[in-house]
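Please look at the sequence and the model below before reading on.

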Amino acid sequence: MDGRFVYAAVFAAVIVWLLVVPTSRLYDDDQVRPWYRNVRFWAICVAATQVIIYLAWNG
């Protein structure tokens with residue numbers, strides 16, 4: 001198995017974890033935040049970007 005797939009799988013697992021983790025684990029309060037201030041949204045974006053980078057890398 002190529003190493004880039006392992007790294008991509010790690011970030012894919014992080015995305016899955018971010019989707020299932022309760023909101024109470026991410027924030028101290030239960031306030032609804034707009035998308036641009038949502039920590040979960042940006043963390044998923046960063047992890048998805050990493051998956052794309054590792055899978056597109058032809059090194």
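The model is predicted, so to speak of local features a pLDDT of at least 70 is needed, while side-chain atom pairs count only at pLDDT 80 or more, and totals for chains, interfaces and linings use all residues. Residues are numbered from 1 along each chain as its sequence is written, and side-chain values use heavy atoms, with hydrogens and water left out.

**Packing of H1 and H3**

- Helix H1 covers residues 3–20 and helix H3 covers residues 39–56, and the two pack at an angle of about 165 degrees with their axes 8 Å apart; helices here are DSSP runs of H or I with at least four residues, numbered from the N terminus.
- The axes are lines fitted to C-alpha atoms over the stretch in contact, and the angles run from 0 to 180 degrees between N-to-C directions.
- H1 and H3 are therefore roughly antiparallel to each other, a term that applies to angles over 145 degrees.
- The crossing of H1 and H3 is left-handed, meaning that the near helix is turned anticlockwise from the far one by less than a right angle.
- On the H1 side, the residues making the contact include Phe5, Ala8, Phe11, Ile15 and Leu18, and on the H3 side they include Arg40, Ile44, Ala47, Val51 and Tyr54, where contact means heavy atoms within 4.5 Å.
- Sorted by class, the contact of H1 with H3 has 17 nonpolar, one polar and two charged residues; Ala, Val, Leu, Ile, Met, Phe, Trp, Tyr, Cys and Pro count as nonpolar, Asp, Glu, Lys and Arg as charged, and the others, Gly among them, as polar.

- Arg40 lies in helix H3 and counts as buried at 16% relative accessibility, where buried means under 20% relative accessible area, exposed over 50% and partly exposed in between, with a 1.4 Å probe and protein chains only.
- A polar atom of the Arg40 side chain lies 3.0 Å from the backbone oxygen of Val21.
- When neighbours within four places in sequence are left aside, Arg40 is in contact with Leu18, Leu19, Val21, Pro22, Thr23, Leu26 and Tyr27.

**Exposed and partly exposed residues**

- Trp57 is found in the segment after H3 and counts as exposed at 56% relative accessibility, and its C-alpha atom is separated by 7.8 Å from that of Arg4, 53 residues apart along the chain.
- Val39, found in helix H3, is partly exposed with a relative accessible area of 47%, and its C-alpha atom is 7.7 Å from that of Leu26, 13 residues apart in sequence.
- Ala13 lies in helix H1 and counts as partly exposed at 46% relative accessibility.
- Ile53 is found in helix H3 and is partly exposed, with a relative accessible area of 39%.

Note on methods. Angles under 35 degrees count as roughly parallel, over 145 as roughly antiparallel, 65 to 115 as roughly perpendicular and the rest as oblique. A polar contact is a pair of N or O atoms within 3.5 Å; within protein, one must be able to donate a hydrogen and the other to accept it, and residues adjacent in sequence count only if both atoms are side-chain atoms.
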